[in-house]
Amino acid sequence: MERLKNKVAVVTGAANGIGRAIAERFASEGAWVLAVDIERGMGGKVVSDIESSGGRAAFVAGDVSKLDDVRRAVEMAAFQTGRIDVLCNNAAYLAPDFHGALDSTEHEWRRCIDVALMGTHYFTQAVLPYMIAQKAGSIVNVVSIQAMEGMMTSAAYTATKAALLGYTRSVCYDYGPNNVRINSLCPGPIRTRIAEASDESHYHWQCDQTALGRAGYPEEVACAALFLASDEASYVTGATLPVDGGWTATSARKWT
Ligand SMILES: NC(=O)c1ccc[n+]([C@@H]2O[C@H](COP(=O)([O-])OP(=O)(O)OC[C@H]3O[C@@H](n4cnc5c(N)ncnc54)[C@H](O)[C@@H]3O)[C@@H](O)[C@H]2O)c1
């Protein structure tokens with residue numbers, strides 16, 4: 001299938017985990033993908049793996065919280081064909097440990113806001129002129145179920161992710177008339193390196209919160225991102241799509 005045939009897609013945080021899976025899937029569906037990440041080594045590897053599988057991609061080292069890096073990345077993406085069809089804002093600041101409101105630090109608040117929220121805004125602002133001129137475009141924001149539900153000891157991360165839902169709806173309202181679509185995708189527990197860092201009891205607790213009784217895989221999030229990015233979602237905008245094994249649908253946890 002080539003559901004993104006000849007489209008130009010930008011994916012942030014594409015060197016690892018969910019972003020990597022999204023970049024690979026977009027490329028396998030025919031897009032030319034610009035992978036953006038602060039991790040140069042892994043980012044280059046993602047691109048060489050995509051190319052070895054017959055896909056087309058390039059890597060640019062960049063920090064989404066730095067406006068100059070964002071502008072450089074978007075110029076590089078547009079250089080291909082003068083178009084930018086898809087933007088996936090996936091990068092976020094993921095600290096080794098977050099804190100509740102009482103203990104949270106200025107640093108974690110600033111990094112959460114600067115990377116996930118301002119990074120999403122900088123990229124969105126930079127691609128909008130292309131999408132408006134084309135009268136088409138799809139933006140997929142990778143948020144979290146933590147934007148939908150409270151979670152333990154992560155005030156800065158939760159607040160930032162919740163802000164992204166509001167940002168998505170605001171952009172949806174303003175640029176819908178230009179046929180620019182924007183949606184929030186909310187993963188539940190996904191098996192990336194963040195999951196690997198948590199201990200076994202936390203992992204089992206997470207699995208128990210889902211109706212499916214398991215954590216998800218980055219490739220499963222990539223399938224949902226592909227749908228939202230593709231023309232198959234032509235009437236879907238401003239939506240919040242959980243990809244969470246039923247976590248947010250089942251407020252009553254398993255009764256045993
Ligand atoms: N894994 C989960 O369980 C889970 C659940 C809900 C939401 N999410 C969200 O999914 C997204 C990806 O998470 P992941 O689990 O794949 O994490 P990950 O750490 O595996 O990947 C994140 C990538 O973002 C990059 N990155 C970080 N800061 C950056 C910056 N300033 N500029 C550019 N790139 C930067 C990292 O280098 C890394 O390659 C995040 O937005 C996260 O909040 C993940």
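Mentor: Helices (H or I, at least four residues) and strands (E, at least two) are DSSP runs, numbered from the N terminus. This is a predicted model, in which local features need pLDDT of at least 70 and side-chain atom pairs count only at pLDDT 80 or more, while totals for chains, interfaces and linings use all residues. Residues are numbered from 1 along each chain as its sequence is written.

Trainee: How many residues of strand 2 are buried?

Mentor: In strand 2 (residues 32–37), 6 of its 6 residues are buried. Trp-32, Leu-34 and Val-36 point one way, whereas Val-33, Ala-35 and Asp-37 point the other way.

Trainee: Which strands does strand 2 pair with, and in what sense?

Mentor: Two strands pair if DSSP finds at least two bridges between them. Strand 2 pairs in the parallel sense with strand 1 (residues 8–12) over 5 bridges, and also in the parallel sense with strand 3 (residues 56–61) over 6 bridges. Val-8 has Trp-32 as its bridge partner in strand 2, and Asp-37 has Ala-61 as its bridge partner in strand 3.

Trainee: What units do these strands make with the helices?

Mentor: A crossover is right-handed if, with the strands pointing away from the viewer, the path from the first strand over the helix to the second runs clockwise. Strand 1, helix 1 (residues 17–28) and strand 2 make a right-handed β-α-β unit, and strand 2, helix 2 (residues 40–52) and strand 3 make another right-handed β-α-β unit.

Trainee: Why is helix 1 described as largely enclosed?

Mentor: Helix 1 is largely enclosed by the rest of the structure because 11 of its 12 residues are buried, among them Ile-18, Ile-22 and Phe-26. Just after helix 1, Gly-30 takes a positive phi of about 100°.

Trainee: Where does helix 4 bend?

Mentor: The bend at a residue is the angle between axes fitted to the seven residues ending there and the seven starting there. Helix 4 (residues 106–134) bends by about 35° at Leu-128, and a proline, Pro-129, follows within four residues. Lys-135, which follows helix 4, has a positive phi, near 60°.

Trainee: Which elements supply residues to the shell around the ligand?

Mentor: Helix 1, strand 2 and helix 6 (193–197) each supply at least two residues of that shell.

Conventions
A residue is buried if 20 or more other C-beta atoms lie within 10 Å of its own, exposed if 12 or fewer, and partly exposed in between; C-beta atoms are placed from the backbone. The expected span of a helix is 1.5 Å times one less than its number of residues.
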